[in-house]
There are 2 protein chains.
Amino acid sequence: MGGSHILVSALSDMVGAGHVLTEAHDMSPFLTDWRGNFTGAALAVVRPATAAQVAAVVGWAQENSIAVVPQGGNTGLVGGSVPLAIGPPCVVVSTARLRAVRAIDTANRTLTVEAGCTLAAVQALAQEHGLLYPVSLAAEGTAQIGGTLATNAGGVQVLKYGNTRDQVLGVEVVLPDGRIWDGLQGLRKDNTGYDLRHLMIGSEGTLGIITAATLKLVARPRQTLVAWASTPTLAQAIALLGFLLDTVPDRIAAFEVVSDACMQLVKRHLGLAHPLTEALPWNILIEWVDTDAEAPLVERAQALLGQALAEQWLADVVIAQSEAQAAALWHIREHVPEAEKRQGKAVKHDVSLPVSAIAEFVATTDALLQAAFPDALIVNFGHLGDGNLHYNVTGADGATAMAIYNASARINAIVYDSVVRHGGSISAEHGIGQLKRSMVATVKSPAALAMMRSIKQALDPHNLMNPGKLL
Amino acid sequence: MGGSHILVSALSDMVGAGHVLTEAHDMSPFLTDWRGNFTGAALAVVRPATAAQVAAVVGWAQENSIAVVPQGGNTGLVGGSVPLAIGPPCVVVSTARLRAVRAIDTANRTLTVEAGCTLAAVQALAQEHGLLYPVSLAAEGTAQIGGTLATNAGGVQVLKYGNTRDQVLGVEVVLPDGRIWDGLQGLRKDNTGYDLRHLMIGSEGTLGIITAATLKLVARPRQTLVAWASTPTLAQAIALLGFLLDTVPDRIAAFEVVSDACMQLVKRHLGLAHPLTEALPWNILIEWVDTDAEAPLVERAQALLGQALAEQWLADVVIAQSEAQAAALWHIREHVPEAEKRQGKAVKHDVSLPVSAIAEFVATTDALLQAAFPDALIVNFGHLGDGNLHYNVTGADGATAMAIYNASARINAIVYDSVVRHGGSISAEHGIGQLKRSMVATVKSPAALAMMRSIKQALDPHNLMNPGKLL
């Protein structure tokens, strides 16, 4: 234990005695991801409070050839923020105490916050200043802003506002050698060299630890309308999407799709009633917004949805008449994962496709899966507006679901092969982490892989930043 | 000339005999930038017709330790696309013949084009399909799409649509070793590794040659309104901007500022009349758009501009009543550079600032310049909505302008020092090239510079891709 004592002493000098955890029960929440799929080992969990402390810890780790696993809210879905089960000696560096708000600049419509602020806290801060931080996702109460940048988080409003990377004007990063790169700035235009910001965003902690960010804020909607529509085919849903993106692209904040299989699960397990009288194969949740309080939003939504009905892009539609009704429609969409969980185990996929390829992808992949697994129940929902489907596979009951789950490898092969053939991505918004690391080599081109490895080698030559993740 | 003969023969085998230029008069248009500020030397100008031919030429250059200078439309403003006057032996690789349209996917709202298509051709192609490619800039008839990506071009609609990088979903790049990286894809969400696309965009040909790109298209406006306003102070102009960005952010395509000094120059040299009866220090051109043909654009614009008048954010405003009037207002804005040119030489700056710092930056920098150069005439105009000013300095007549121009170094020092102190960028949209290369080391942090150099070294270890540019 002499080595451990020296380690604790060195780290405690940097971050304070109470913030170096080495006991198993103290470390345990930091060593397992929230779904419980990945558990790793670490010498210690360190909780610095400032970027300078992060830099000291990382510099010390570099000198001592100890790996660093950055961790935010630990809400990721691919095991990216926990140590490997079998890996090099490492410390977990939690950003939870980096919670300062560095600057609020309402005239510039920017906010500079430290990595440990939760996404919900950032949203609330923006709202306090009459503005909106438009990234929204299920884990927002726990997810930390640094982690959302490291993983380029998506969510339900990407259609209108873009991914997390589109919200970021500047970053501060502790580099693998312990230096701090102050790339914080609040500029909409800056062409002075390689875009290191975009390189860091989505790099999953393998090139450094993001300690702060300057985020763009936007106007908050003054009007919101939520509609629930149904249609017999995905092709019709996509025609409706095209019509809305051609007519009112800036007013459509969300265009979510929910298959009838999902609707049956939310009814069976959660007792949620279908908003429409007839159940059709596809449901669409549309959120329509306007920043202008005087815009004729309801009239135009009614007229355009009426036109879509006449064109048969949708078969039926209901518009929420109150905030409670709107919340109830969102409640159905948001509880698909919970209903799916109650059904049993599922083989989950977070894929994206060109919008033009989605209908064909779903038809082809459904057929391949049903041929190979006649008992498979396909639970398909997601952010159709961005081409992002959560294309999950389970069974008609718990036992069948378990059998399906045990065939994960074969099911993944069918789904990902089909994704690649349709020009899609095997990870739309969740990233690579540990879960999909072995697949990166098969889906990325050799040239892309070689560049990624060269960059990793150049910036982290000893492979000490989050080793075994992404690459 | 034996070596030259071998070179021509080798390159002709790759690209065809007529497409290797070595005579001085043939090469000359490719060796000087369009402003005539930079002239370099090359062994040959090569004009490949396909990505495979580009790859062959680059691979050959690598084997023979010959540098490669990629060139698109050669409309850049910083000498990035012409060879150095004194540099390593090089060939210019023109992308002008790479003009294929690889794919049009209207359902996915994407276009895949080769690098040599002009920006205007891409705009026209989008329009033919009822869509919009929203990058617009003065050189669009000549600028090639590959060059606009390599320099992350800006322009007059960044406020609504973003910079060039925000329009790009995928790229194909010939890497420094002659491999082709096929990173073409049409996905809105893809989190599978480092964002190599954003690394290539804005890298000014120093990491490879972009040979094709998949571009996002958006809905075209069905209504457009152009207004010209005036206001006594920049602070008021910025308050007006904030009001519009809070109320109708998605409807404001351009928010351009033109100082009264510019108005005097366009009147003196081009005879353009002021659109308003009283000349105030600041003029603002607002372009208001809506994709929805039925939206009450005119009514809302009138109401909101009326409110802005009442709040005294603007002093006077005129709304164009016809397309001709709208074009006349844009004509004034677009002819400021021409009027400036007729006035005489000018020390030009393409800077950006946080919107919240602009008024203070202008006041401070104007005062410093006027103190040091009482004869200086400050010609300030630009894209206020993005914080991007073309902050140029000339003189009251040609002789004074020349004296000012001869003091470029001192004037640059005053302006750029002030830019940095106000948190701005010394190159908002034009890039670094040769012109600002020496300044990069002074404005970027050592950590950022070290990362940029590491990446360059990793991807182009022999420094053969556009050497002497950017870094």
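Two strands count as paired if DSSP finds at least two bridges between them. Helices (H or I, at least four residues) and strands (E, at least two) are DSSP runs, numbered from the N terminus. Here is my note on this predicted model, where local features need pLDDT of at least 70, side-chain atom pairs count only at pLDDT 80 or more, and totals for chains, interfaces and linings use all residues. Residues are numbered from 1 along each chain as its sequence is written, chains are lettered from A and ligands numbered from 1 in the order in which they are written, and side-chain values use heavy atoms, with hydrogens and water left out.

1. Let's start with a sheet in chain B. Five strands make an open sheet there, in the order β5-β6-β10-β8-β9, with antiparallel pairing. At the edges sit β5 (101-105) and β9 (180-183) of chain B, each of which pairs on one side only. From one strand to the next, the twist averages 10°; for angles, axes are lines fitted to C-alpha atoms, for helices over the stretch in contact, and the angles run from 0 to 180 degrees between N-to-C directions.

2. How many bridges join β5(B) and β6 of chain B? There are four, and the two strands run antiparallel. To find one of these on screen, pick B:A103: its bridge partner in β6(B) is B:T112. As background, strands of a sheet pair through backbone hydrogen bonds, either parallel or antiparallel.

3. A helix lies across this part of chain B. Helix α3 (residues 51-63) of chain B lies across β5, β8 (168-174), β9 and β10 (209-216) of chain B, and α3 runs at about 45° to β8(B). Contact, by the way, means heavy atoms within 4.5 Å.

4. Now hop over to chain A and look at β3 (residues 67-71). Five of its five residues are buried, so β3(A) is largely enclosed by the rest of the structure. Buried means under 20% relative accessible area, exposed means over 50%, and partly exposed is in between (1.4 Å probe, protein chains only). A:A67, A:V69 and A:Q71 point one way, A:V68 and A:P70 point the other way, and all are buried.

5. What does β3(A) pair with? The partner is strand β4 (residues 90-94) of chain A, in the parallel sense and over five bridges. Within the pair, A:V68 stands opposite A:V91 of β4(A).

6. A polar atom of the B:T164 side chain lies 2.7 Å from the backbone oxygen of B:A153. Leaving out residues up to four places away in sequence, B:T164 touches B:Y133, B:V135, B:T148, B:L149, B:N152 and B:A153.

7. Two residues have a backbone angle worth checking. Most residues other than glycine have a negative phi. A:N463, which is not a glycine, has a positive phi of about 50°; A:N463 is in the segment after α17 (446-459) of chain A and is partly exposed at 39% relative accessibility. B:E204, not a glycine either, has a positive phi of about 55°. You'll find B:E204 in the loop between α7 (196-200) and β10 of chain B, buried with a relative accessible area of 8%.

8. On to charges. A salt bridge is a side-chain nitrogen of Lys or Arg within 4 Å of a carboxyl oxygen of Asp or Glu, and the structure holds 36 of them over all chains. One of them joins B:D250 and A:K160 (2.7 Å, N to O). That pair crosses between chains, from the loop between α8 (234-247) and β13 (252-259) of chain B to helix α6 (residues 158-161) of chain A. B:D250 is buried, at 18% relative accessibility.

9. A:D195 and B:R165 form another salt bridge, with their closest N and O atoms 3.3 Å apart. This pair crosses between chains as well. Buried or exposed? A:D195 counts as buried at 9% relative accessibility, and B:R165 counts as buried at 6%.

10. Finally, A:D290 and A:R251 meet in a salt bridge (3.6 Å, N to O). They sit 39 residues apart, A:D290 in strand β14 (residues 282-290) of chain A and A:R251 in the loop between α8 and β13 of chain A. A:D290 is buried at 3% relative accessibility, and A:R251 is buried at 7%. A:R251, A:D290, B:R251 and B:D290 are linked in a network of salt bridges.

Technical notes. A polar contact is a pair of N or O atoms within 3.5 Å; within protein, one must be able to donate a hydrogen and the other to accept it, and residues adjacent in sequence count only if both atoms are side-chain atoms.
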